[in-house]
Amino acid sequence: MMMNLKFNLLTFFLIAFAVTAAFAQEVLKNSDLTITKLDKNLWVVETTDMTTMYIVEGHEKSMLIDTGTKCKKLDEVVKQITQKPLYVVITHAHGDHDGNIRFFDEIYLHAADTVLLDKSYKGKVNFVKDGQVFDLGGRIIEVAHTPAHTPGSIVLIDRKTGNCYSGDAFGSGQVWLQLKPLSPMQTYIESCKKMENLMDNGITKIYCGHYPYVKKAYNKKYITEMRTLAEALVNGNAPKATPHHQKVSIACENPMMTTLGGATIVFDPEHIKK
Ligand SMILES: [Zn+2]
């Protein structure tokens, strides 16, 4: 009986590995980026400067999630993967996520991030709302507003596949919070609760906004660690914080960071309770 169980488990893991390996296939590489097929009708675009985009294809339309930074002629690159009419949706208006919107006539983002959007963009800006859906044909992508990293941060969820594309809403191991314009830590706690609720209702995989650092999808444990850590920061009992040495123009002078399990929060010590 024990032998059988072991054998079955081993077989299961071998098959799971083979399926994952078969799907995770590099399909395009140039000096700026690599595109890998993650699953049926799903690709991740990883730029050499560690930004990330996702391409999701339906029967009638496709969606490009974020536009990265270092990618010459991004519109033509995307056409090599999908030729269907394209929705270009920006998870939030930070330069490493909306860097190439100039290649597209029209984009979608949450109105609360308008203040951060590059003013030189000449195309049409469509605002998305919480709960709004994009019908790609046999594939529905839904918007969930999850503010904190930026006021207009959204995640895009696909209830059928259980996938979520999260931008920087929950970071990629490390989330930068309390950037300008400042969102209170409580806003992040509420966004984590909303994500945990989505994960109790069919969402299983979170594909983050800087995939090259992690090379995997996050599960609910990661979000729960993030929320627990944010609550501990507000309650004054978080693990000891250390200075974060990266200089970011929209962050406070001396950002601090603290870690719980696989989750790290970068924050402004002056604004924990505000
Ligand atoms: Zn960001």
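Strands S4 (residues 52-57) and S5 run antiparallel and are joined by four bridges; strands are DSSP runs of E with at least two residues, helices are runs of H or I with at least four, and both are numbered from the N terminus. Two strands count as paired if DSSP finds at least two bridges between them. The model is predicted, so local features need pLDDT of at least 70 and side-chain atom pairs count only at pLDDT 80 or more, while totals for chains, interfaces and linings use all residues. Residues are numbered from 1 along each chain as its sequence is written, and side-chain values use heavy atoms, with hydrogens and water left out.

Val-88 in S6 is the bridge partner of Leu-64. Together with helix H2 (residues 74-79), S5 and S6 make a right-handed β-α-β unit; right-handed means that, with the strands pointing away from the viewer, the path from the first strand over the helix to the second runs clockwise.

In a regular strand the side chains alternate between the two faces of the sheet. In S5 (residues 62-65), Ser-62 and Leu-64 point one way, Met-63 and Ile-65 point the other way, and all are buried. Buried means under 20% relative accessible area, exposed over 50%, and partly exposed in between, for a 1.4 Å probe and protein chains only.

The zinc ion has His-92 (NE2), His-94 (ND1), His-149 (NE2) and Asp-168 (OD) as its protein donors, at 2.1 to 2.3 Å. Donors are N, O and S atoms within 2.8 Å of the metal (3.2 Å for Na, K and Ca); water is not among the atoms, so sites may look incomplete. The spacing of the donor residues in sequence is H-x1-H-x54-H-x18-D. Both His-92 and His-94 are buried. The arrangement is irregular because the angles subtended by the four donor atoms span 90 to 169°. Four donors count as tetrahedral if all angles lie between 85 and 135 degrees; four count as square planar and six as octahedral if opposite donors are over 155 degrees apart and all others between 65 and 115; anything else is irregular.

The largest pocket has a volume of about 520 Å³. Of its 17 lining residues, Asp-96, Asp-168, Trp-176, His-210 and Gln-246 are the closest to its centre. Strand S13 (residues 174-176) gives the largest share of this lining, three residues. One cavity of 30 Å³ or more is present, and residues lining the largest cavity include Trp-176, Cys-252 and Phe-267. On a 1 Å grid over the protein atoms alone, a cavity is a set of points where a 1.4 Å probe fits but cannot get out, and a pocket is an open set with protein on both sides within 12 Å along at least five of seven lines; lining residues have an atom within 4 Å of a point. Grid points are joined across faces, edges and corners, and a volume is the space filled by probe spheres set on the points.

The peptide bond from Lys-180 to Pro-181 is cis, with omega near -5°. Pro-181 lies in the loop between S13 and helix H4 (185-200). Met-50, in the loop between strand S3 (42-47) and S4, has a positive phi near 70°.
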